[in-house]
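Subject: Handing over the model we discussed

Dear colleague,

I am passing on the structure for you to look through, and below it I have set out what was found. Please read the notes with the coordinates open beside them.

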Amino acid sequence: MKLETEVDQHVSTSHDVVLRARNVTVEYGGEMPTRAVRNVSIDLRRGEILGIAGESGCGKSTLAFALTRLLRPPATMVGGTVEFLPSSGGAPIDLMALGPRELRAFRWSKISMVFQAAMNSLNPVTSLRRQFSDMFLAHDPSMTSDECEQRSCELLEMVGIKSERLNGFAFELSGGMRQRVGIAMALALRPEVVIMDEPTTALDVVVQRDILEEIFGIREQLGFSIIFITHDLPMLVEVSDRLAIMYAGEIVETAPSTLIGDDPAHPYTMGLQNSCPDLRGERAPLVGIPGSPPDLRFRIKGCSFAPRCAFAFAPCHEVHPLLTTPMGSVRGVVDAGNPSLVKIRPSSVDRLAVDEWRVACHLHDALPSEAEMSHDSEEVAVTGVERS
Amino acid sequence: MKYFIRKLGFYLVALWGAVTINFFLPRLIPGNPAEALMSRMALNGSAPPGEYKILLRLFGLDKGNIVTQYWSYLVQISHFNFGVSATQFPTPVTSIIYHSLPWTLMLIGTSTVLSFVIGTGLGALAGWKRNRFLDAIVPATTFLTATPYFWLALLFLYFFGVINHFFPLNGAYDPTLNPTWNWTFVSSAIQHAFLPGLTLVVAQLGGWLLSMRNMTLTTLSEDFVWTAEAKGIAPRRILLGYAARNAILPSVTGFAISLGFVVSGSIVMEMVFSYQGIGYQLLQAVQGDDYSLMQGIFFFISLAVLLANLMVDLLYGFIDPRTRQAR
Amino acid sequence: MTTFAQTVGTSSPTSGSKRIRSRIRNGWGTLRRSPRMFTGVIIIALFVLVAIYGALFVHDANSFGAPILRGPSLHYPLGTTQLGQNVLSQLIGSTGPTLEVGFGAGLIATFLAVAIGIGGAFIGGKSDELLNVFTNIILVIPVMPLVIVVASVLKAGGIGPMILVIAFTSWAGTARILRSLTLSMRSRDYILASKVSGEKTWRVVIVELLPNTVAFVVSGFIFTVIFAILTQAGLAFLGVGNTSALTWGNMLYWAQNDGVLQVGGWWWFVPPGLCIAMLGTGLALINFGLDEMLNPRLRSLRPVRTVSHEFDGESAGN
């Protein structure tokens, strides 16, 4: 799905960060607490689209809510900081330190969210007009009702909904239209960051495309950053500047999206890639990822993906890999024709040269082995790799 | 619009149902109801003269088969002609009802509305605040809901009437006064209505509190409430406009249904206080085998409850715009 | 749009018997965790025990001969009535008949509600519409006046007719709830799946549908029992039905009749009402627990373990 809107205008080469999260850890309380987000650090740069991908239950939405301080009990943030750096300059705002009133003022005007299934994010019994004005008045009590109406109509037109709908109710709109209203609301106060949690998952493909084009068109005008969360990897690769892959509550790889699609470093990302059939390519057997994600109620020793990883070797079960720059230029691939074979071959991308690439995998944190160095560009079939 | 018409239609059908049940009630007595009644009345003292003819006419037994009887019964009802009371001969039934129904309506009307408002208000708060104290009074209110109204009435009567003499023990107003709109009378009426009203309010409060609390808790975890919080909307506005506004809907429906039950409970309670409402009259009628009065009272109670239900349903149609969805 | 093979398991209703077994396991867990429901069960159990074994511990409830209208004393823990009866014996002796009426009417009414509510909704179509209108009519017509008139007309006393009359006037509320529940379940996938695979309708209803409605049926049953007991007490208090039967309602009738208030015999009318209220409360508490079981958000606040040492030392290279 190629989008018409060019996104490269906003690929920031500067590292002007607007949202900075460090060591964020979130737990769901209960008889056996579940650690859903584990020690996640991530930067969102001004004007960029950061995609977060991963399977259901990996913690993407929880992370998003943690970043905006929207966690609901029993979820609590048990560690880490989140800082917002306003574009107007000035001191970074520590989100966790905000008091209730400041938080309310901050919310939505600086960071807003488009929720998954926004159909349910609208109050079923009050008119849309009322809901818009509630939002406006909460942040600027001096607005008159005329002003509210005018702004609301503008917003509706911006997302392609007739402004007559303002007097109507949520149930009068279709799913796609409600999603658009959700987007209109999210953009109403011109925030600097918009977090979109699976904004198109509940919609059919045609409407999806429309809405995405809508979103990016508006972004052209207003220039905000987006954190885009979904499990649809191919869509994300098309749409975002940078990509972060989450697994079992941790970020296991981040890289520019154009590069990661070609040659992912982490075996999990490879698995994700391989699970998506190419619409136009040759027919090939679908290879999934065997096994299941780990139980997040327990401490995980070593790499969380190791039990399912085709390339797992000794350190993977003992030492937890850190998210760092990939040192080696190796790349592993599963032989589709003979799945018990694991091939190692040099990467087609020199990841070291890409300063934004990070991966949490032991395959990439040591120098290439003897086998690699002697067989430069040939494929080498090994069943596991020995590292000293 | 369709919604309103549908509701109106339903209540008309229900009224017809009530009227038909009313028609069959005296016929449950084996044999000729008029004769049976005459013999019962004779046991209690002689029956008033001409009563037999009246009874026959009332029950339509002087007509032909049951269909014509039913028809003439319907005609009578539409003229609000319920005949003459046997126990309070020769007062017409409608006149007795006219003097007693308003008392009951006033009492029940005020107390149900009050207990609904207080109960749902506290319930919304209990669901919103989620603190230990409010959670703890829930069992207490549960206990109250399980209490029979009349027993509670006895307790209050005992405590406030017999032991403390704060409130009068019986009647709807001081019997020495004449019903007029002066302050003496009205204050006496209020004094007499206080204990029964208190009983009704206290007994029903728990139910509203509990259901509103539960509904509020459920609503608060809905996505749109969360979205409203995310938008930075003030908590009070969220409670009123988003949470309570949605949570109260089932209670409104429940209110309509509960009206029938409240009437039932208050009938017994009126007896405890000898409060001369329509329930009191019904009981007197039952004890005296006064069938014409019974039929009349049953009709008017049904009519009142159905009307109240209709009003509440119409109100619901206003506050929940989803009912205006085209079907 | 693609989705991946591994998704976190969701709990969707599966086959009936598995559901029942896991429900029972869940139920026991909830019982232990919900103090309210536990209390309710204890209370009801106590009453049932008293009903069954009470007669062994007290003298004949109907015997006269005790001193008239004495307050609580060692020999007569709850005092005596105007007619020289032992209040405590009466109280205990009434437990059985009261429970009989309550549970009897509750059973019959619930059975009617299930048949009409679930059955009607499942069959659908015109018959469902008709039944629905019928249910709503019964629901809005005021019960007590009807019951009073009917009960007085059927002056033949006895507990049987009383149970029937109460049952026939109280099934409508539960029926309505069950109907909307069934309507929402009818279109769920697992029902459609069983129908498509050729399972007979009655089997689908019994094996797939009913187990998932059990909690609501039980809740409705409990409500009806409370209602039946209250109604029966009210009727007895009014002198309708057999006034010499031994029920708490009748005790209150005689207390009122003999002018207990004027002479201040509180020990006579307070205990029976208290028993009714306690029984009702016990049942309501069980209902409460059921609510919590069905809707976890309603559970009482419990302190949440936010600092778990389970994860100490994890990550950052342990």
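This is a predicted model: local features need pLDDT of at least 70, side-chain atom pairs count only at pLDDT 80 or more; totals for chains, interfaces and linings use all residues.

I begin with the contact between two of the chains, to which chain C contributes 44 residues and chain B contributes 48 residues.

The mean pLDDT of chain C is 73, with 69% of its residues reaching 70 or more. Within chain C, confidence is lowest in helix 1 (residues 16–33), at a mean of 65, and highest in helix 3 (residues 87–123), at 85. Two stretches of chain C call for care: over residues 301–308 the pLDDT is below 50, although beyond near neighbours in sequence this stretch has 15 contacts in the model, and over residues 314–318 the pLDDT is again below 50, with 11 contacts counted in the same way.

Turning to chain A, the secondary structure comes to 11 helices and 14 strands, and of the 388 residues of this chain 45% count as buried. Among the contacts in chain A with a separation of 6 or more, 69% are between residues 24 or more positions apart.

Chain A is divided into domain 1 (16–240) and domain 2 (247–381), and 21 residues of domain 1 are in contact with 13 residues of domain 2. On the domain 1 side of this contact, strand 2 (34–45) and helix 7 (233–239) of chain A each supply at least two residues, and the largest share, eight residues, comes from strand 2 of chain A. By class, the residues of that side divide into 11 nonpolar, seven polar and three charged.

Chain A also contains an open sheet of seven strands in the order 6-7-8-3-9-10-13, with mixed pairing. Strand 6 (111–114) and strand 13 (358–359) of chain A each have a single partner strand, so they stand at the edges with one side of each left without a neighbour in the sheet. Inside the sheet, strand 7 of chain A runs parallel to strand 8 (residues 225–230) of chain A and is joined to it by five bridges; A:Val194 stands opposite A:Ile226 in strand 8 of chain A. Helix 5 (residues 175–187) of chain A lies across strand 6 and strand 7 of chain A, running at about 175° to strand 6.

A:Asn23, which lies in strand 1 (residues 17–28) of chain A, has a positive phi of about 55° although it is not a glycine, and A:Asn23 is partly exposed, with 13 other C-beta atoms within 10 Å. A:Glu198, likewise not a glycine, has a positive phi of about 50° and is placed in the loop between strand 7 (193–197) and helix 6 (205–222) of chain A. Is A:Glu198 buried or exposed? A:Glu198 is buried, because 20 other C-beta atoms lie within 10 Å.

With best regards

How values were computed: Residues are numbered from 1 along each chain as its sequence is written. Chains are lettered from A and ligands numbered from 1 in the order in which they are written. Domain bounds come from an automatic or database domain assignment. Two residues are in contact if their C-beta atoms, placed from the backbone, lie within 7 Å. Helices (H or I, at least four residues) and strands (E, at least two) are DSSP runs, numbered from the N terminus. Ala, Val, Leu, Ile, Met, Phe, Trp, Tyr, Cys and Pro count as nonpolar, Asp, Glu, Lys and Arg as charged, and the others, Gly among them, as polar. A residue is buried if 20 or more other C-beta atoms lie within 10 Å of its own, exposed if 12 or fewer, and partly exposed in between; C-beta atoms are placed from the backbone. pLDDT is the predictor's confidence in each residue, from 0 to 100. Two strands pair if DSSP finds at least two bridges between them. Axes are lines fitted to C-alpha atoms, for helices over the stretch in contact, and angles run from 0 to 180 degrees between N-to-C directions.
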